[in-house]
Amino acid sequence: MDLKIRKHAETYIIDVNGEMDLYNSYKLKELVMKMLEKKVEQFVINMENVDYIDSSGIGALIYICSTIKKMNLKLIISNIHGSVKKVIELTKLMGYFPIAGTVEEAIQKIATP
Amino acid sequence: MPDFILYVINNSLWAKGLAALVLLVYLQRLATKPDVPVLSQFRSMAFVLLLTDLALLFLPTYSVFPILQGFGLLFFYHRVLAVYSADGKLPAWFWVLSVPVLVVTVLTPILGWPWFVGFLGPVVLLGMWFAFSQKLYAISEFNTEGAGVIQASRRNLIQGMILLHGTALILVPWGGYLNPFVQMVLFPLVDLVHTWTLSFWERFADAQKNRHLTTLEKNLGSLFEFMVAIGNAISEKLEMDKVMDFVVKSAVKATNADGGAIFLLDEFEDVLRVKAVEGDFPPPYQVPPKVKLKIASLTEYFQSTPIPLDKTIVGECAMTRKSIFIHDTRDDARMSQNAQLDQIYIASIILTPLLQGNKVFGVLAVVSRRGNYLFNADHYSQIQTFADYTSLTINSLFTYLELLEKQEMEREVGIAAEIQGQLLPSKLPQVSSISLAAYSLPAKGVSGDYYDVINIRRGQILLAVCDVAGKGIPASLVMVMIRTIIHLVAHQPGMTVGRILDVVNWGIAGKVSLDRFATLALLSYDFASKRLEYSNAAHHPLLIFRAADKSFETLDTEGIPIGLEKKTKYNQINTVLQPADIVVLYTDGIIEAMNDQGSQYTLEALQKVILAHHEFPPEKLKRAIIEDMNGFVGKAKQHDDQTFLLMKVDG
């Protein structure tokens, strides 16, 4: 898994590339925690290039999501598709995660409170 | 005696011949030396002197030889200077002037041009030597390495040359270069001046070579020390901070600097932060006037202020990925404030990027705060070698850390596997009216799956299948917690599967890290009433094979995974089973088992095997399922645990 950060106005977009599994999901968690320390307030996690996720990956997303919710900050997960979507549906978490179809949509959602 | 020999003996040029002899000896000495660029220039110069001198000895009336010698020497002096300083290059007008002057000089006796054409040679040569002396006098220890030798010798050289060509100019009406006084006194004199200058410069070339060697040795020495220090740091404890400290300390020591610092790039804010400081390192940029006054606040300001990539020389160094060497801050506009203010005074600074692959991750810098101690090219190359090695070390350290982490994880997984082995029921309960079978295969040594079969009370049994996110000890502990709670509460009167899930969730949520969530499915079955109750926390739906019409049915309830929200309530769904009905609880690993073409086993395939072998007792059906699934998967490696539980109502 490979993580890249870009910035759109005040929103930081994290592009996740590759598989999210037991051996690397912690990286995303660590990165977001680091960004929170640096007072980043608006996040988009772009899952466009993630084709596989295991329960550790879902765990990382849950952790990130709930931490950000607790701090009253904004997060949207975008481009969930394929088997990743299936796993999230199966675990009945579609309602739990704030989701958008595309990064643009996510940015718009964050911008309009 | 032939006239020719008499002419040579009586010639006024005998002194010149002696000078040539000195040159010859000098040349001989040079020939024994190794081939160094500067020395080969010296050799060429000595050759020019010797050849033109000899030519003049035998053909004394051709003034073209002294002029040719003049140009030839100038040519090689330029080339020697070019070895030391970028300004030494031969100017383009050298050829524009020298070639026509030579042509005119050669043609003058033939075409019978007037005597004053003879002025041309000395005038041009005198002009060229003036221009060259400008270059020699522009050299200082600040812009040229080893300027001392040139500074010590340039006066004699220039004076000698001006004396020669100036006198020749004055004496043009009396023969110019061919005047006996010039030939007898001046030429031998300047030949000696050249020889002296050359041997003077040569000594320096030798010394420089030796100095370069000792610098290399010193460099290697400090690198070696550094490697040992890093090695110790690694064996003690792998700490990046410690390594950074070592790097700065060693860099300062190796260059005898007053201070050194490492700035690390903040990955997503595009700023550099001070990471490690050694000695006295003032901010190498303009600071706000308020901060400047007090040393304490200055230090605090420097340590706490991030440097944007597009600002200051530190940012410039990281952004351009190029080293910056400012020999003297007075000569550089970027350092104007540092050159003037005492509190932040920096005399000389070297900055070099630290690279991981071709990505910058930081900047290493050393400063001198002594006006009389300026860094030179040796220090510069030393710091660069150093940064190279640092980058390499830090790269391998990163890799090593990653490897360690992975190893640690694997070790942990081993311990977890042991814990887990004790969690699963070693034997399924033997009860009348139903038969059971269970299968569980961990993917990578340890499972995130857990299943259980519990006799709740007489005539009632509880089946559980659970999948905990992640692996290793934390996941195993979550499993232990879930198992403990289930075992504790399942016997309580009035407990239903939905209630049990509520309690398990209430007990787990907030106690464990959120990314250790679990999916859990519970079913209870009452033998007498054949009533089945099912409740599901985001696990796979329950699969029921109805023997009566050989059909499949799925049961599911709403509910998010265990451990996310304390207040979650789980509901349950009921059904009544008939004899020979089969109930299947399974994890992802079963229906998502993958073959090497990347296709999945699927629920449909599972149903097909069950349908085909539904008359088997569960233990036999289990083997049929495993066989069918393994047949589909082939040799493909599985990356998810596979678990299923079968329960068949006796018919």
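**Exercises on a predicted two-chain model**

In this predicted model, chain B has an average pLDDT of 82, and 88% of its residues score at least 70. For the complex, the predictor gives an ipTM of 0.80 and a pTM of 0.55.

**Exercise 1.** Work out what span the 13 residues of α1(A) should have at 1.5 Å a residue, and compare it with the distance between the end C-alpha atoms.

*Solution.* The expected span is 1.5 Å times one less than the number of residues, so α1(A), with 13 residues, should span 18 Å. The end C-alpha atoms of α1(A) are 19 Å apart, which agrees.

**Exercise 2.** Determine which residues of α1(A) are buried, and how they are arranged around the helix axis.

*Solution.* Start with the buried residues of α1(A), which are S25(A), L28(A) and V32(A). Viewed down the axis, the buried residues of α1(A) fall within an arc of 65°, so they line one face of the helix. The face turned away from that buried side carries the exposed residues E30(A) and E37(A). Finally, the cover over the buried residues includes β1, β2, β3 and α2 of chain A.

**Exercise 3.** Describe the side of chain A that touches chain B, by element and by residue class.

*Solution.* The contact takes 19 residues from chain A and 20 residues from chain B. On chain A, α1 (25-37) and α2 (55-70) each supply at least two residues of this side, and the largest share, 8 residues, comes from α2(A). By class, the side of chain A that touches chain B has 10 nonpolar, 5 polar and 4 charged residues.

How values were computed: Residues are numbered from 1 along each chain as its sequence is written. Chains are lettered from A and ligands numbered from 1 in the order in which they are written. This is a predicted model: local features need pLDDT of at least 70, side-chain atom pairs count only at pLDDT 80 or more; totals for chains, interfaces and linings use all residues. pLDDT is the predictor's confidence in each residue, from 0 to 100. Two residues are in contact if their C-beta atoms, placed from the backbone, lie within 7 Å. Helices (H or I, at least four residues) and strands (E, at least two) are DSSP runs, numbered from the N terminus. Ala, Val, Leu, Ile, Met, Phe, Trp, Tyr, Cys and Pro count as nonpolar, Asp, Glu, Lys and Arg as charged, and the others, Gly among them, as polar. A residue is buried if 20 or more other C-beta atoms lie within 10 Å of its own, exposed if 12 or fewer, and partly exposed in between; C-beta atoms are placed from the backbone. The arc is that of the directions from the helix axis to the C-beta atoms.
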